[in-house]
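Visitor: I would like to learn how to read the features of a structural model. Could you guide me through one, feature by feature?

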Amino acid sequence: MLSAVTISLVPEARGGPFVYWDDLAEGCREAAARGFDAVEVFPPGADAVDPLVLRSLLDEHGLALAAVGTGAGWVKHKLSLTSPDATVRDKAIAFVKSIMDLAARFEAPAIIGSMQGRWGDGVTKPEALRYLGHALFKLDAHAADLGTTLLYEPLNRYETNLVNTLADAVTLLNAIGAERVKILADLYHMNIEETNLADAIRGAGSRIGHVHFADSNRRAAGLGHTDFAPVVATLVEIGYAGYLSAEILPLPDADTAARQTVAAFRRLVG
Ligand SMILES: [Mn+2]
């Protein structure tokens, strides 16, 4: 397993679970100084990141790109894959594709989290799940064209009412036959929704393509009450070799959160 840390370039997401903010170069410099293997970037849009600049920053600091978030499509542009408006759904798919195109240049996946939206306000649950399945089916094909993968993230009940557990995500992905869509297991969301973290990870098994490494309160691992030992043991058991990416609040400050994460990662993973 490898370590990663989040960098947000989206002012509208302020208060969200990102360690570094606003400055890609500074975020990469700090990530490398703390000893992370990779960065996970949350951009306002695909055109906000110059691939040549990102490439030189990653090379300069010996970092990889772990993943790229698409949440700004919702936070900034109010796009959703399950909007009642077909035009909005199409724009949401186009937004995700543009992020996938950027990420694929770095052999990284894009993440679908808040872009999945929710049912209600003109959309029934079956309709929303149909829209989501349709979107993931199309995006799975786009991932195949790019030779990449896509990450789909179940969220806790306060952030979506569509898919809250890893098991429900497996059911959804099996139903549409998606081959290149992997599940993002976010340990903070799971802490709210799963009966048992280890059992949920074991159940999703090889479907898991990325992990958001956060404690029970969305702070750095070790600053909440999650027991990480069985979580990491189960990730080892299923053969998970991807990232543990710190999508966490920068508390008490970004540097302390980063140092705490690296210390926990080294203690747990070695
Ligand atoms: Mn997450």
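**Reading the model**

Guide: We may begin with the metal site: the manganese ion is coordinated at 2.0 to 2.2 Å by Glu153 (OE), Asp186 (OD), His212 (ND1) and Glu247 (OE). Please keep in mind that this is a predicted model.

Visitor: Are Asp186 and His212 buried or exposed?

Guide: Burial is judged by relative accessible area, and buried means under 20%. Asp186 has a value of 1% and is therefore buried; His212, at 0%, is buried as well.

Visitor: How does one describe two packed helices?

Guide: In general, one gives the angle between their axes and the distance between the axes. Here, the axes of helix H8 (residues 197-204) and helix H9 (residues 228-237) come within 9 Å and cross at roughly 15°. Angles under 35 degrees count as roughly parallel, and H8 and H9 are therefore roughly parallel to each other. The crossing in which H8 passes H9 is right-handed.

Visitor: Which residues make the contact of H8 with H9?

Guide: H8 contributes Leu197, Ala198, Ile201 and Arg202, while H9 contributes Pro230, Val231, Thr234, Leu235 and Glu237. By class, the residues of this contact comprise 6 nonpolar, 1 polar and 2 charged.

Visitor: What does Leu166 touch, apart from residues up to four places away in sequence?

Guide: Leu166 is found in helix H6 (residues 166-176) and counts as buried, at 2% relative accessibility. Its contacts beyond that sequence range include Pro154, Ile183, Leu184, Met190, Ala200 and Ile201. Sequence separation and spatial separation should be read side by side: Leu166 and Arg207 are 41 residues apart in sequence and 9.4 Å apart in space, C-alpha to C-alpha.

Visitor: Which residues have a positive phi although they are not glycines?

Guide: Two cases may be examined in turn. Asp22 has a positive phi of about 75°; this residue is in the loop between strand E2 (20-21) and helix H1 (24-34) and is partly exposed, with a relative accessible area of 44%. Lys78 has a positive phi of about 55° and is placed in the loop between helix H3 (72-75) and helix H4 (86-104).

Visitor: Is the peptide bond from Leu251 to Pro252 cis or trans?

Guide: The bond is cis, with omega near 0°. Pro252 lies in the loop between strand E9 (243-246) and helix H10 (254-269).

Methods. Residues numbered from 1 in each chain as written. Predicted model: local features only at pLDDT ≥ 70, side-chain atom pairs only at ≥ 80, totals over all residues. Heavy atoms only, no water. Donors = N, O, S within 2.8 Å, 3.2 Å for Na, K, Ca; no water. Buried < 20%, exposed > 50% of the residue type's maximum accessible area, 1.4 Å probe, protein only. Axes fitted to C-alpha atoms, helices over the stretch in contact; angles between N-to-C directions. Helix = DSSP H or I, 4+ residues; strand = E, 2+ residues; numbered from the N terminus. Parallel < 35°, antiparallel > 145°, perpendicular 65-115°, else oblique. Left-handed = near helix turned anticlockwise from the far one by under 90°. Contact = heavy atoms within 4.5 Å. Nonpolar A, V, L, I, M, F, W, Y, C, P; charged D, E, K, R; others polar.
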